[in-house]
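Dear colleague,

I am passing on to you the structure that follows, together with some notes on what turned up in it. Please look through the sequence and the model before you read on.

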Amino acid sequence: YYKNEAVTLSGSHKINTALAQAYYNQQAGIKRLATETGAGQWGSALAAACSLFGLECLVYMVKVSFEQKPQRRTIMETFGAKVIASPSITTNAGKGFLAKDPATSGSLGMAISEAIEVAAGDKASNYSLGSVLNHVLLHQTVIGQEVRQQLQDLGEKAQLMIGCCGGGSNFAGFAFPLLADQLAGKTKDIRFVGVEPEACPSMTKGKYRYDHGDTAGMTPLLKMETLGCDFVPSPIHAGGLRYHGIAPILAFLHRKRLIETRAYDQLSCFKAAQIFAQTEGIIPAPESSHAIKAAIDEALRCKRRRRAETIVFNLSGHGLLDLKGYEDFLAGKLK
């Protein structure tokens with residue numbers, strides 16, 4: 001089974017937290033939200049939420065995604081947001097990053113630094129984050145709560161829960177309600193698998209230590225599995241997974257061996273995405289294709305062993321605005 005978050009207002013799971021954050025900031029009298037975005041799913045969701053609650057929205061979009069995914073920028077601007085390629089010359093942090101490497105492709109850590117700097121310098125602005133922190137993961141548990149109810153309605157019991165991992169919000173939101181049930185003894189024998197790109201393997205290869213959530217070191221220190229806040233990933237098309245660390249709660253659960261992790265290269269993920277598109281009629285986001293690849297591998301494992309398991313994964317968003325990645329994949333241009 002798959003939980004389809006692609007049919008939401010903004011085309012991904014990100015709207016689940018964007019609506020809550022925009023609402024509470026509007027209630028507090030804030031006039032503008034500043035944020036970062038990788039592939040643009042979060043930026044699109046927050047831009048939509050801000051437009052609903054009458055807030056201004058400023059989005060620093062990682063430069064490589066700004067160039068790869070112009071349609072995402074158009075969506076944000078249609079909702080009234082201002083979108084700036086990061087790193088930029090509009091902040092001191094951005095100027096510093098460009099001074100070190102004028103040709104940098106950017107990173108989520110850099111974009112976070114720029115958004116925080118803007119928010120910190122304006123009393124009418126707040127910074128809004130789309131993943132990693134506890135409140136975001138909490139908002140996203142609506143996904144897992146729905147999955148739990150739907151499985152009950154079907155008379156099914158999940159044995160394997162799979163989600164892709166960048167900062168960790170969609171996997172956490174998808175898995176936590178059932179993981180909580182398992183820890184409480186209400187269920188048993190469910191495996192929880194978080195999947196990340198080999199190009200940015202924070203859980204599979206990162207160190208468990210205190211680190212900043214942004215490259216300039218403006219955030220509080222977070223204890224997480226991290227590749228280092230100055231890590232700049234290669235420009236893979238799964239821009240939403242190009243983050244140097246993972247949510248502290250997920251890092252803790254991984255260290256306690258309550259969740260599993262694995263990493264895949266983008267070619268194998270695009271191949272899995274193509275299989276999914278041909279069988280389900282849905283073109284998935286490159287980020288979601290990591291979960292699809294793991295689900296296919298697990299299904300083949302079951303087939304080899306001639307055993308049945310109930311496998312559930314989260315389809316965190318559609319890929320209709322990621323067709324340049326598919327075009328490059330089909331043309332054999334992807335590395």
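**What was found**

Pro-87 lies in the loop between strand E4 (82-86) and helix H5 (92-100), where helices (H or I, at least four residues) and strands (E, at least two) are DSSP runs numbered from the N terminus. The peptide bond that leads from Ser-86 to Pro-87 is cis, with omega near 5°.

Before going further, please note that this is a predicted model, in which local features need pLDDT of at least 70 and side-chain atom pairs count only at pLDDT 80 or more, while totals for chains, interfaces and linings use all residues. Residues are numbered from 1 along each chain as its sequence is written, and side-chain values use heavy atoms, with hydrogens and water left out.

Val-132, in the loop between strand E5 (125-127) and helix H7, has phi near 70°, and Val-132 is buried, at a relative accessible area of 5% (buried means under 20%, exposed over 50% and partly exposed in between, with a 1.4 Å probe and protein chains only). Arg-257, in the loop between H10 and strand E10 (260-264), has a phi of about 60°, and with 78% relative accessibility Arg-257 counts as exposed.

Grid points are joined across faces, edges and corners, and a volume is the space filled by probe spheres set on the points. The largest cavity holds about 360 Å³, and of the 30 residues that line it, those closest to its centre are Lys-14, Ser-131, Gly-167, Gly-240 and Leu-241. At least two lining residues of the largest cavity come from each of strand E2 (32-37), helix H2 (41-52), helix H6 (108-120) and helix H8 (169-183). The second largest cavity has about 30 Å³ of space, and its lining includes Ser-107, Cys-229, Phe-231 and His-244.

As for the packing of side chains, the largest nonpolar core has 41 residues, and those with the most contacts inside it are Met-161, Leu-178, Phe-192 and Leu-250 (such a core is a set of buried Ala, Val, Leu, Ile, Met, Phe, Trp, Tyr and Cys residues joined through side-chain atoms within 4.5 Å). Helix H8 gives this core its largest share, seven residues.

The structure also holds seven aromatic pairs, which are rings of Phe, Tyr and Trp (its six-membered ring) with centres within 6.5 Å, counted as stacked if the planes are under 30 degrees apart, edge-to-face if over 60 and tilted for the rest. Phe-270 and Tyr-326 have ring centres 5.1 Å apart and planes at 90°, so this pair is edge-to-face. Because Phe-270 lies in helix H11 (residues 266-280) and Tyr-326 in helix H13 (residues 323-330), the pair ties together parts that are 56 residues apart in sequence. Phe-270 is buried, with a relative accessible area of 2%, and Tyr-326 is buried too, at 9%. Elsewhere, Tyr-2, Phe-276 and Phe-313 form one aromatic cluster.

With kind regards

Technical notes
On a 1 Å grid over the protein atoms alone, a cavity is a set of points where a 1.4 Å probe fits but cannot get out, and a pocket is an open set with protein on both sides within 12 Å along at least five of seven lines; lining residues have an atom within 4 Å of a point.
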